[in-house]
Amino acid sequence: MRKEIKIIFLALAIAALFSISVSAQIRVENRTIDFDLIPDQITADTYLPIEKLVEAGLFEVDRVSNNRYIVLKNDNYYILQNNQDLVRSNLRNRNLEYTPVVINQHFLVPVEFLEEFLNFNVRVEKGLTMPDRIGRDDQLRDNLRLRVYLNDDEFRIYDKLELSIEIMNTNRDDIKLRFNSAQKYNIYIKNRFGRVLYSWASDKIFSQAVQDIEIEGRDSLSFEEEIDLNQFREGRYYVEVEITADNYDFNSIEKEFKIED
């Protein structure tokens, strides 16, 4: 596993060894993190040193040991452990696809954790040729990446939840998506028990004609929606996005958010 994962920390060490003077900046939320070497690509399995993220003021940590950290963010905690996919939290226990690792006494966390658990937006500022937004919320299927972004993760009852849905074609060749109706996606909001409380498409009528949409190479297809939150009570919810393409099997993506009175 260690030979396959993309670890920026190791890239920094190689850069220092060979005196490579190439720079790239990664923005996590509104914080810029500088690195001395441009990695080939950044995806959900890209790893960042936890100390860099703490230095940027993105969250606080309680270091239990070299192999175990407690991440503290917005009155919530997440327990990360070396080579363990289970993340224990006061919200709910969940599993990572890519586990944290410890290399040379540095604790490294995957971008997957930042995007899916902390709901951070991670962007490439410059230097990389990959798409400028990255994260665990990428589901790669035949050179297509599905991404979902929320305007925030904490809302008031009378706020609007704004969603951005993006399907990125990372290949150089054009890719065609086929839909059996005018519906391209659906949006669900679930409570913490997984019960569906809202379905975006439930009150809509879509034409049933087959539609083909072509996404050019290195281009993307985007959708945006707004949902009034005054129909929900105070509490924690999960928004799930499903793409209804007939010829591509996208995994649905789930994001967590909170409504306060």
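Biologist: Which strand does Ser 89 lie in?
Modeller: Keep in mind that we're looking at a predicted model. Ser 89 belongs to the run of residues 86-89, and that run is strand E8.

Biologist: Is Ser 89 buried or exposed?
Modeller: Its relative accessible area comes to 9%. Buried means under 20%, so with 9% Ser 89 counts as buried.

Biologist: And which residue has its backbone nitrogen 3.1 Å from a polar atom of the Ser 89 side chain?
Modeller: A polar contact needs a pair of N or O atoms within 3.5 Å. Here the distance is 3.1 Å, and the backbone nitrogen on the other end is that of Leu 91.

Biologist: Let's hop over to Asn 74. Where is Asn 74, and what is its phi?
Modeller: You'll find Asn 74 in the loop between strand E6 (68-73) and strand E7 (76-81). Asn 74 isn't a glycine, yet its phi is positive, at about 55°.

Biologist: Why does Asn 74 count as partly exposed?
Modeller: Partly exposed sits between the buried limit of 20% and the exposed limit of 50%. Asn 74 falls in that range because its relative accessibility is 33%.

Biologist: Which loop holds Arg 218?
Modeller: Arg 218 is another non-glycine residue with a positive phi, near 60°. Its loop is the one between strand E21 (211-215) and strand E22 (220-228).

Definitions and conventions: Residues numbered from 1 in each chain as written. Predicted model: local features only at pLDDT ≥ 70, side-chain atom pairs only at ≥ 80, totals over all residues. Heavy atoms only, no water. Helix = DSSP H or I, 4+ residues; strand = E, 2+ residues; numbered from the N terminus. Buried < 20%, exposed > 50% of the residue type's maximum accessible area, 1.4 Å probe, protein only. Polar contact = N/O pair within 3.5 Å; in protein donor to acceptor, adjacent residues only side chain to side chain.
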